[in-house]
Amino acid sequence: MEKSAGDICVPLDLAVFVYKNDTPTENMAFNQYHYPVVRVTSASNASNESLVLEVERCNLEEHFPGVELIPRQTSCAVVGNSGILNNSSCGDFIDSHDFVIRANGALIKGYEVDVGKATSLSVINWTLLRKYGRAMGNTNTTENLKIRAQFLDRIRTSNIRILWYPKHLYRPGTHCDDCGKYRSIIDGIRKNGFTGIRFAFSWKGIHVEKAWGLHRTATLGLDMYAVARTFCSKITLFGFYPFYKDLEGRAVKYHYFDDVRFNFARNRKHSFTKEHTILKELEKQGKLALVIRDCKPREGSRHENTDGHFSKLGYVSDFFLSLLALIFRSNF
């Protein structure tokens with residue numbers, strides 16, 4: 001870990017800065033690229049280390065006033081939005097983790113049995129930042145009111161503790177164009193009574209493509225996993241499955257909560273298959289657990305193994321869940 005002149009402590013390149021709850025919205029400066037410079041020692045550290053990446057944990061107040069780092073967590077669930085979660089009964093397993101990370105305000109209400117209820121950290125992408133930022137502003141068009149109501153309902157039913165935007169809010173030397181949209185979202189949430197939610201940003205926009213050998217933009221899910229490694233000792237991934245059929249041959253929706261169709265073959269933005277291959281390799285190395293089967297058997301399912309991952313089981317057994325929970329909660 002590099003330190004700047006004077007041996008002052010610095011946080012990790014992938015650090016998530018969480019504003020203290022009493023910070024007024026207008027005082028949230030989102031100081032990205034603010035010195036002291038923070039760096040990762042090498043690209044291999046970003047992808048290959050099995051242990052929690054060490055963060056220089058010191059008093060940040062001197063250099064980054066009003067923000068804190070996410071505390072160390074024993075077990076984390078990183079929840080994607082794939083339809084592999086439909087009828088999976090993974091909700092209790094997800095909620096058993098100490099910290100739960102979800103993407104893009106995915107709908108939870110009505111899907112609790114499969115996806116759980118807890119949301120420690122909710123991550124939004126640039127598209128939603130701009131969409132919700134406009135809707136939460138002062139222009140009360142019919143469309144804005146509709147989007148605003150939908151967003152606030154998601155906030156109301158998602159039990160969010162921290163909302164985080166992980167990308168660039170502005171680039172060095174330029175006006176913070178997206179800061180206003182983020183503040184609009186924060187003000188709207190606070191004015192509607194959700195005063196317990198905290199808000200976070202990244203010191204540097206999260207881009208893990210180079211470290212992971214990707215030639216396309218990394219998915220938000222991979223960003224979430226990469227950052228989770230900086231504060232989670234054990235990580236389990238749910239809802240990461242870029243295929244049309246599950247291991248039982250059943251159809252899998254793109255999102256568990258809607259009927260949006262997606263053509264993986266024609267996609268040119270993300271490397272879904274390569275990311276999945278990377279995650280499977282990391283699972284073999286014991287660096288994560290990737291849940292792509294039901295957490296409890298569903299009626300009519302086959303229990304034989306088709307790929308060798310769960311010996312003679314087509315679902316994650318209660319014994320396996322209990323064992324994982326015990327491991328997650330043990331002291332390392």
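This note goes through the charged pairs and the aromatic pairs of the structure above.

1. The model is predicted, so local features need a pLDDT of at least 70 and side-chain atom pairs count only at pLDDT 80 or more, while totals for chains, interfaces and linings use all residues. Residues are numbered from 1 along each chain as its sequence is written, and side-chain values use heavy atoms, with hydrogens and water left out.

2. The structure holds 9 salt bridges, a salt bridge being a side-chain nitrogen of Lys or Arg within 4 Å of a carboxyl oxygen of Asp or Glu. One of them joins Arg250 and Asp246, at 2.8 Å from N to O. Asp246 is buried, at 11% relative accessible area, whereas Arg250 is partly exposed at 24%; here buried means under 20% relative accessible area, exposed over 50%, and partly exposed in between, with a 1.4 Å probe and protein chains only. These two residues also belong to a network of salt bridges that links Asp246, Arg250, Asp294 and Arg298.

3. Asp153 and Arg156 form a salt bridge of 3.7 Å, N to O, and both lie in helix α5 (residues 142-158), 3 residues apart, which is about one turn of the helix. Helices (H or I, at least four residues) and strands (E, at least two) are DSSP runs, numbered from the N terminus. Asp153 is partly exposed, with a relative accessible area of 30%.

4. In helix α9 (residues 272-284), Lys280 and Glu283 are likewise 3 residues apart, about one helical turn, and the closest N and O atoms of their salt bridge are 3.6 Å apart. Lys280 counts as buried at 15% relative accessibility, whereas Glu283 is partly exposed at 22%.

5. There are 14 aromatic pairs, counted where rings of Phe, Tyr and Trp (its six-membered ring) have centres within 6.5 Å; planes under 30 degrees apart are stacked, over 60 edge-to-face, and the rest tilted. Phe17 and Phe201 are edge-to-face, with 5.7 Å between centres and 85 degrees between planes. Because Phe17 lies in strand β1 (residues 16-19) and Phe201 in strand β7 (residues 198-202), the pair ties together parts 184 residues apart in sequence. Both Phe17 and Phe201 are buried.

6. The rings of Phe30 and Tyr182 are stacked, since their centres are 5.1 Å apart and their planes at 20 degrees. Phe30 is buried at 0% relative accessibility, and Tyr182 is buried with a relative accessible area of 0%. Ring pairs link Phe17, Tyr19, Phe30, Tyr182 and Phe201 into a cluster.
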